[in-house]
Amino acid sequence: MYTKLWLDYVTDDNGCIVSFDGDLSDNKLIDNAVNELRSCNCLKDLNIVLGFTDDSSLGDEGYRISTSVMGYKIEAYKDTGLIYGAFRFISLYRLSEDKTISVTEVPVNKLRMLNHWDNMDGSIERGYSGNSFFFVNNDLVINERTKDYARILCSLGYNGVVINNVNVKGEACNLINEKFIYKVKELEELFYSYGVKLYLCLNYAAPIEDPDVGSADPLDEKVIKWWEDKFDYIYSIIPRLGGFLVKADSEGRPGPFTYGRTQAEGANLLARAIAPHHGIIIWRCFVYNCQQDWRDLKTDRACAAYDYFHDLDGQFDDNVILQIKNGPMDFQIREPVTPLFGKMPKTNQMIEFQIAQEYTGQQRHVCYLIPWFKEVLGFETYAENAGKNGSKVVDVVSGKTFGYKYSGMCAVTNTGNDENWTGHDLAAANLYGFGRLSFDPSLSSEEIANEWIGLTYGNDEKVRENILKILMMSWPAYEKYSAPLGIGWMVCPAEHYGPDPDGYEYSRWGTYHKATHDTVGLERNSTGTGYSMQYNEPNASMYENVDTTPDELLLFFHKVPYDHVLKSGKTVIQHIYDTHFEGAEDVETMARLWDELNGMIDHNAFKRVFERFEHQLWHSKEWRDVINSYFYRKTLIEDEKGRELY
Ligand code: GCU
């Protein structure tokens, strides 16, 4: 039997007395809410009343939980709110010392989604926790684990899931055909009964395969009709399907550019065909030239999303959402915020993060990403006319800044069929954290971590303290011992794992650091590629100038000599040496903090993380020594502190 993460509370059906104050009338969401509470041993003998309220300020998904001498009351305006409320009650009850619970919670983001990059053959693109639990041998599987996954998502307030890879290949095209559509329907019903909408990725080029159409030109009548018929068919069977996520004109995926059309024309083709069914089209902005000549000094991949999308503001239909990666490159340990945020007032946007640790240790290193996501969400975009609505990224993607009809947050998920779901036990903090953060971005990283630790490992103070320290140290540590000062991409290209400083330097991917014997970094200001000018003022001026660019992004924006002095007072080269030594030492500290928990938590759980730390201890030193030696050999500058360089 696999671990059920923080839902591991169901021990028998000897729970509490739950009454429902309303008309049950065959409502699966309410059934599930009631069952969840009843089967929860820790609530034994409590009186809990579930019911509707006419307080519409709770919206479809909010809830209110209160405590009285009679027991507990969970109220919501809609059934989805009730099931979220039921799960939240269980968490709060388990975490609370005095068992008095009084909260009203309404999600801040309209869309709170996970994207699976699961392939139908069972593999997962950039998956680090086993194979897919949705797909096995080109079949769609629905079992107890699927149900537990729906419960996990609901327990955190996620309300959407995309089950297949954005790179739609082979059999996956069949998900919207007769072969699988009824299974997809069954899955949709399961997720729906836990408040989660199902979405699929589709292949934009699908009509090319149809001999009667042979094209994917968005303005071609036959193509338009093909998609209309397709969506009519799909929605006649699955009327509540949320919609589709599309990767087009990207990394070899076909798209509207093939036909000389814009991204808006491509997205609107699908949006118009799906509109009668109230579906949405989530259109990714990860569009760039992945066939760049490294000798070409003008092209800058960082500029691409803005260049392709910014001028199309207002041209997308209102059931299109642009899904934009947090940074302009690709989920590096540190990047600036994509400049499209705060620059497209008339186009729905949502932000895409990655909790699959593709470039952040692949769930073999611990790397709690919530502090990083908080920094991104807290970035001030200085959007024009935002007024009192605010113009931080968090305001833009919650729809506040511009009053978007659809918006929100999604993450590429880190789950798989490994017994513990996420490969590294501590990576579950990211799955938990992203759900909570997208529900309520005002929560601090520590608050989220504390909740997760309490629900997963119990309330022992020492356990809580040590794991919290580990989590909070982990992202900064990874940044320290990997690529420095925002430069990114010093990773092995094949697997995106382990150090390889020049691995991407002479490649076609547009990912360069340009280190020479006397300078390092890229000039991305107005005298360089012009990327810094894509931001609103005063951000544009801040990044324009070496002196005002924050240290942690210096090499992303500027080419500087190794003896350039950072705001910290250190030279660039000394910063590189120091951080790499520190980062590896931080891993020793984290491993020690974990070792102290031996005997205090479940032995197998202890051992699993212990073993990951053994690897991380070695691998962080490998990173340290390869990167430091690389720069030492380039510069021949000795470490001020006389430490060994190779
Ligand atoms: C990264 C990742 C790919 C993925 C792509 C995407 O480049 O390495 O595997 O397909 O992002 O976001 O589409």
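This is a predicted model: local features need pLDDT of at least 70, side-chain atom pairs count only at pLDDT 80 or more; totals for chains, interfaces and linings use all residues.

Reader: How many residues surround the ligand, and which are the closest?

Author: The ligand is surrounded by 13 residues, of which Glu125, Lys247, Arg284, Lys325 and Glu358 are the closest.

Reader: Why is Arg126 called partly exposed?

Author: Its relative accessibility is 27%. Buried means under 20% and exposed means over 50%, so Arg126, at 27%, belongs to the class in between. Arg126 is located in the loop between β6 (111–115) and β7 (135–136).

Reader: How do you know that the peptide bond from Glu537 to Pro538 is cis?

Author: The omega angle of that bond is near 5°, and the bond is cis. Most peptide bonds are trans. Pro538 lies in the loop between β16 (519–520) and α14 (539–544).

Reader: Is Asn167 buried or exposed, and why?

Author: Asn167 counts as buried because its relative accessibility is 9%, and the limit for that class is under 20%. Asn167 is in the loop between β9 (160–162) and α4 (178–192). The side chain of Asn167 makes a polar contact of 3.0 Å with the side chain of Glu125. Apart from neighbours within four places in sequence, Asn167 is in contact with Asn119, Glu125, Lys247 and Arg253.

Reader: Why is Asp518 placed in the partly exposed class?

Author: The relative accessible area of Asp518 is 39%. That value falls between the limits of 20% and 50%, so Asp518 is partly exposed. Asp518 is found in the loop between α13 and β16, and its side chain is joined to that of Thr516 by a polar contact of 3.0 Å. Not counting residues up to four places away in sequence, Asp518 touches Val560, Pro561 and Tyr562. Asp518 and Leu636 are 118 residues apart along the chain, with their C-alpha atoms separated by 9.8 Å.

Reader: What makes helix α9 mostly covered?

Author: Helix α9 (residues 370–377) has 8 residues, and 6 of them are buried. The buried residues are Ile370, Pro371, Trp372, Phe373, Val376 and Leu377. They pack against β14 (349–354), α10 (393–397), β15 (408–412), α11 (428–439), α12 (445–457) and α13 (461–481).

Reader: How do you know that Leu377 is buried?

Author: Its relative accessibility is 3%, and a residue is buried when that value is under 20%; Leu377 therefore counts as buried. Beyond four places in sequence, Leu377 touches Phe353, Lys392, Val393, Val394, Val397, Met409, Leu437 and Pro441.

Reader: Why is α2 called roughly perpendicular to α3?

Author: The axes of α2 (residues 79–95) and α3 (residues 144–155) come within 8 Å and cross at roughly 85°. Angles from 65 to 115 degrees count as roughly perpendicular, which makes α2 roughly perpendicular to α3. Ile83, Tyr84 and Phe87 of α2 make the contact with Arg151, Cys154 and Ser155 of α3. By class, the residues of this contact are 4 nonpolar, 1 polar and 1 charged.

Reader: What makes α16 roughly antiparallel to α17?

Author: Helix α16 (residues 572–595) and helix α17 (residues 603–635) pack at an angle of about 170°, and their axes are 9 Å apart. An angle over 145 degrees counts as roughly antiparallel, so α16 is roughly antiparallel to α17. The residues of their contact divide into 19 nonpolar, 5 polar and 4 charged.

Key: Residues are numbered from 1 along each chain as its sequence is written. Side-chain values use heavy atoms; hydrogens and water are left out. Axes are lines fitted to C-alpha atoms, for helices over the stretch in contact, and angles run from 0 to 180 degrees between N-to-C directions. Helices (H or I, at least four residues) and strands (E, at least two) are DSSP runs, numbered from the N terminus. Angles under 35 degrees count as roughly parallel, over 145 as roughly antiparallel, 65 to 115 as roughly perpendicular and the rest as oblique. Ala, Val, Leu, Ile, Met, Phe, Trp, Tyr, Cys and Pro count as nonpolar, Asp, Glu, Lys and Arg as charged, and the others, Gly among them, as polar. Buried means under 20% relative accessible area, exposed over 50%, partly exposed in between (1.4 Å probe, protein chains only). Contact means heavy atoms within 4.5 Å. A residue is near a molecule or strand if one of its heavy atoms lies within 4 Å of it. A polar contact is a pair of N or O atoms within 3.5 Å; within protein, one must be able to donate a hydrogen and the other to accept it, and residues adjacent in sequence count only if both atoms are side-chain atoms.
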